[in-house]
Amino acid sequence: MSTATIPSRANLLREASLTICGRREGKTKACNSCLRKADAVVRLARAGEQNRDLVPRLADIVCGSASQPCRACWYKTTTLLLELRG
Ligand SMILES: [Zn+2]
Ligand SMILES: [Zn+2]
């Protein structure tokens, strides 16, 4: 039996943190700040799939803003949710 095709939680977190931190060629690791954000986002995304306010809340975490996430972070958040649900 192989579990190779099932993304582990660690893998998921790593991918999410890279999306938040910004993907660049050769970059394999997000910074600590983005790792923490990814952890919060992945947990909330799983807990609140039916929540209408999920995207604004997650975008706020990603941006680190006080309820004023910028366009770039909105975009990252929607990308993240697609990745998490795909
Ligand atoms: Zn970062
Ligand atoms: Zn932002």
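Me: How are the donor residues of the zinc ion (ligand 2) spaced in sequence?
Reply: This is a predicted model. The zinc ion (ligand 2) is coordinated by the SG atoms of Cys 63, Cys 70 and Cys 73. Counting along the chain, the spacing of these donor residues is C-x6-C-x2-C.

Me: At what distance do the SG atoms coordinate the zinc ion (ligand 2)?
Reply: The donors here are Cys 63, Cys 70 and Cys 73. Each contributes its SG atom. They coordinate the zinc ion (ligand 2) at 2.1 to 2.2 Å.

Me: Is Cys 73 buried or exposed?
Reply: Cys 73 has a value of 8%. The cut-off for burial is under 20%. Cys 73 is therefore buried.

Me: Which residues are the protein donors of the zinc ion (ligand 1)?
Reply: The donor residues of the zinc ion (ligand 1) follow the spacing C-x9-C-x2-C. Their SG atoms lie 2.2 Å from the ion. The donors are Cys 21, Cys 31 and Cys 34.

Me: What is the relative accessibility of Cys 34?
Reply: Cys 31 is partly exposed, with a relative accessible area of 37%. Cys 34 counts as buried. Its relative accessibility is 8%.

Me: Which element gives the most residues to the largest nonpolar core?
Reply: This core has 16 residues. The elements giving two or more of them are H1 (9-21), H2 (32-47), H3 (54-63) and H4 (71-85). Five residues come from the leading contributor, H2.

Me: Which residues does Ile 20 touch, leaving out those up to four places away in sequence?
Reply: Ile 20 is among the residues with the most contacts inside the largest nonpolar core. Val 41, Leu 58, Val 62 and Leu 80 are the others named. Beyond four places in sequence, Ile 20 touches Cys 34, Lys 37, Ala 38, Val 41, Val 62, Lys 76 and Leu 80.

Me: Within what arc do the buried residues of H2 fall, seen down its axis?
Reply: The buried residues in H2 are Cys 34, Ala 38, Val 41, Val 42 and Ala 45. They line one face of the helix, because they fall within an arc of 100 degrees.

Me: Against which helices do the buried residues of H2 pack?
Reply: H2 has 16 residues and spans 23 Å from first C-alpha to last, close to the expected 22 Å. The face turned away from its buried side carries the exposed residues Asn 32, Arg 36 and Ala 47. The buried residues of H2 pack against H1, H3 and H4.

Me: Where is Ser 67 placed?
Reply: Ser 67 is not a glycine, yet its phi is positive, about 65 degrees. Its relative accessible area is 56%, so Ser 67 is exposed. Its place is the loop between H3 and H4.

Me: Which residues does Asp 60 touch, leaving out those up to four places away in sequence?
Reply: Asp 60 sits in helix H3. At 19% relative accessibility, Asp 60 counts as buried. Its contacts beyond four places in sequence are Ser 65, Ala 66, Ser 67, Gln 68 and Pro 69.

Me: How far apart in space are Asp 60 and Thr 77, C-alpha to C-alpha?
Reply: Asp 60 and Thr 77 are 17 residues apart in sequence. In space, their C-alpha separation is 9.1 Å.

Conventions. Residues are numbered from 1 along each chain as its sequence is written. Chains are lettered from A and ligands numbered from 1 in the order in which they are written. This is a predicted model: local features need pLDDT of at least 70, side-chain atom pairs count only at pLDDT 80 or more; totals for chains, interfaces and linings use all residues. Side-chain values use heavy atoms; hydrogens and water are left out. A nonpolar core is a set of buried Ala, Val, Leu, Ile, Met, Phe, Trp, Tyr and Cys residues joined through side-chain atoms within 4.5 Å. Buried means under 20% relative accessible area, exposed over 50%, partly exposed in between (1.4 Å probe, protein chains only). Helices (H or I, at least four residues) and strands (E, at least two) are DSSP runs, numbered from the N terminus. Contact means heavy atoms within 4.5 Å. Donors are N, O and S atoms within 2.8 Å of the metal (3.2 Å for Na, K and Ca); water is not among the atoms, so sites may look incomplete. The expected span of a helix is 1.5 Å times one less than its number of residues. The arc is that of the directions from the helix axis to the C-beta atoms.
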